[in-house]
Amino acid sequence: MTGKSHDVDVIVAGGGMVGAATACLLLRCGFAVAVVEARQPPRFDPEGEPGMRVSAISPGSARVLDQAGAWREIEKRRSCPYRRMHVEEAGHPDGLDFESVSFGLERLGTIVENDLVQSALWSVLENHPLVDVLCPATIQSFHEIKEGIEVALSDGRRLRARLLVAAEGATSPLRRQLGIRQDVWEYNQQGIVCVVTTDPPNPGVAWQRFLPGGPLAFLPLADGRSSMVWTRPADEAEPLLSLPDDPFLDVLSEAAEGGVGKPVAVGPRAGFPLAMRLSECYSSGRVALLGDAAHVVHPLAGQGVNLGLADAAALVETLLSARHAGAEGNVPEQLTKWQRWRRSESQVMAGGTHAIRALFTPSALSGIRAFGLRQVGKSWLARDFFIRQAAGLGRNAPRMARGDSLKALLRLRA
Ligand SMILES: Cc1cc2nc3c(=O)[nH]c(=O)nc-3n(C[C@H](O)[C@H](O)[C@H](O)COP(=O)(O)OP(=O)(O)OC[C@H]3O[C@@H](n4cnc5c(N)ncnc54)[C@H](O)[C@@H]3O)c2cc1C
């Protein structure tokens with residue numbers, strides 16, 4: 001597949017969950033890939049304490065990770081499927097319940113530690129003959145060459161490819177070098193994360209309460225504990241992060257008002273500043289921006305990495321269609337097509353989470369909130385649309401997310 005003038009077909013900058021998944025999918029389609037990652041990825045320890053950073057992986061994303069060759073390993077190690085999701089507003093504990101069976105789904109999602117997702121993907125990479133993993137390394141500069149792109153690495157090496165994927169996260173240096181503008185909304189909030197033990201244990205429910213300062217979520221872990229994500233105004237987050245465990249548990253119990261159980265123990269805490277970032281475009285010439293490099297959304301809907309995995313699946317599907325159509329050479333045109341698809345999808349998701357966040361700010365009228373929740377609760381269509389989008393199974397989801405295997409896509413004619 002690689003032409004004489006190229007060392008590999010695709011260079012992927014950033015081996016986080018999105019970059020590593022992209023590389024695995026490309027490799028499994030026969031593309032030669034180089035992965036350039038700045039830091040040695042964390043090793044997952046199945047005997048260790050659960051990590052603080054987890055993701056709610058949608059059923060669509062689980063299929064993408066399966067096609068990438070990582071899902072079995074993830075499920076075998078440590079993951080927690082959830083079949084019920086409860087959403088409520090403080091003071092209105094009735095809230096809304098979503099059950100997977102009502103939507104014909106086996107599960108609504110799976111809570112997985114980020115380190116496990118990344119390390120399962122890296123096991124696939126490290127065992128593949130068509131990959132060149134360059135780590136630690138970064139891309140210093142790049143320029144277009146005839147029918148390709150050449151990059152200069154931090155260690156002085158040069159690499160040529162047909163396509164460069166930028167998946168280096170929210171601060172993507174490649175995006176900055178390309179001069180791609182972003183719309184940025186700083187929320188002046190932090191997401192506090194930690195592992196919480198409750199009494200009784202979490203029965204496998206993804207639970208979320210909207211409080212005046214931001215949502216509080218308890219996501220189920222395999223051992224009955226919960227991964228907590230609590231959005232707080234930035235000036236309130238710092239004191240909460242530095243509180244000793246017992247007073248923190250008191251504040252948490254009051255905020256959760258029962259929730260999935262009384263919080264009785266808490267692990268180390270960390271805070272992440274929250275912002276929404278949307279790039280004006282996701283590609284330029286032969287460079288594609290994927291995952292957080294292209295878009296960052298508020299974590300209240302748990303969609304960041306799910307959007308990134310859909311970007312990866314959609315990119316691979318676009319490249320395969322071009323291959324089938326004999327139009328493999330025209331990478332910029334393929335990327336334009338791909339970004340039109342993915343940009344509209346992530347803008348819908350980003351706009352949705354932005355609006356929900358605004359609806360639950362203290363200045364929004366409580367009556368409007370209650371009305372909104374009631375309408376979603378009453379309308380089967382609204383509930384179905386909401387769940388299908390969150391499950392990664394919407395109308396515009398990549399075929400892999402909707403159940404097509406890579407083998408089937410490799411056979412498919414454009
Ligand atoms: C509190 C919180 C909770 C969240 N919960 C969820 C959730 O439940 N579900 C969900 O879908 N999303 C969730 N998200 C979002 C999710 O974590 C991100 O969308 C996801 O991690 C993005 O993955 P990525 O691979 O694009 O970027 P990153 O995870 O940032 O990975 C980027 C990689 O690139 C490497 N890198 C950086 N610079 C360079 C460089 N110059 N050269 C080479 N490599 C480089 C980094 O070392 C890293 O490995 C949450 C986010 C927060 C803050």
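Which polar side-chain atom lies 2.7 Å from an oxygen atom of the ligand? One of Asp292 does.

**Basis.** This is a predicted model, in which local features need pLDDT of at least 70 and side-chain atom pairs count only at pLDDT 80 or more, while totals for chains, interfaces and linings use all residues. Residues are numbered from 1 along each chain as its sequence is written, and side-chain values use heavy atoms, with hydrogens and water left out.

1. A polar backbone atom of Ala56 is 2.9 Å from a ligand oxygen. For Asn306, a polar backbone atom is 3.2 Å from an oxygen of the ligand. Taken alone, the ligand exposes 1000 Å², and the protein buries 85% of that. Accessible areas come from the Shrake-Rupley method with a 1.4 Å probe; for residues, only the protein chains shown count as cover.

2. **Ligand shell.** The ligand is surrounded by 31 residues. The closest are Glu37, Arg39, Ala56, Asp292 and Val305. A residue is near a molecule or strand if one of its heavy atoms lies within 4 Å of it. Helix H1 (17-28), strand S3 and helix H8 (304-324) each supply at least two residues of the shell. Helices (H or I, at least four residues) and strands (E, at least two) are DSSP runs, numbered from the N terminus.

3. **Sheet S3-S7-S4.** S3 belongs to an open sheet of three strands, in the order S3-S7-S4, with antiparallel pairing. The edge strands are S3 (54-57) and S4 (79-82), each pairing on one side only. Two strands pair if DSSP finds at least two bridges between them. S3 and S7 (residues 109-113) are joined by four bridges. Val54 stands opposite Glu113 in S7. Helix H4 (residues 114-126) lies across S3 and S7, at about 85° to S7. Axes are lines fitted to C-alpha atoms, for helices over the stretch in contact, and angles run from 0 to 180 degrees between N-to-C directions.

4. **Helix H2.** Seven of the nine residues of H2 (residues 59-67) are buried, so the helix is largely enclosed by the rest of the structure. Buried means under 20% relative accessible area, exposed over 50%, partly exposed in between (1.4 Å probe, protein chains only). The buried residues are Pro59, Gly60, Ser61, Ala62, Val64, Leu65 and Gln67. Just after H2, Gly69 takes a positive phi of about 95°.

5. **Sheet S9-S10-S11.** This is an open sheet of three strands with antiparallel pairing. S9 (139-145) and S11 (158-161) are its edge strands. The twist averages 20° from one strand to the next. S10 (residues 148-153) pairs with S11 over four bridges. Glu150 stands opposite Arg160 in S11.

6. S14 and S15 pair in the antiparallel sense over five bridges. They form a hairpin with two residues between them. S15 (residues 214-220) is mostly covered, with seven of its seven residues buried. Five bridges join S15 to S16 (residues 226-233), again antiparallel. Pro220 has Ser226 as its bridge partner in S16. The hairpin of S15 and S16 has five residues between the strands, and Gly224 there takes a positive phi near 90°.

7. **Gln208.** This residue lies in S14 (residues 205-211), opposite Ala217 in S15. Gln208 counts as buried because its relative accessibility is 14%. A polar atom of its side chain lies 3.1 Å from the backbone oxygen of Leu300. Gln208 touches several residues, among them His86, Glu88, Pro215 and Leu300 (contact means heavy atoms within 4.5 Å), not counting residues up to four places away in sequence.

8. **Gly14.** Gly14 sits in the loop between strand S1 (10-13) and H1. Is Gly14 buried or exposed? Gly14 counts as buried, at 9% relative accessibility. Its contacts include Gly19, Val36, Glu37 and Ala167, not counting residues up to four places away in sequence.

Notes
Polar contact = N/O pair within 3.5 Å; in protein donor to acceptor, adjacent residues only side chain to side chain.
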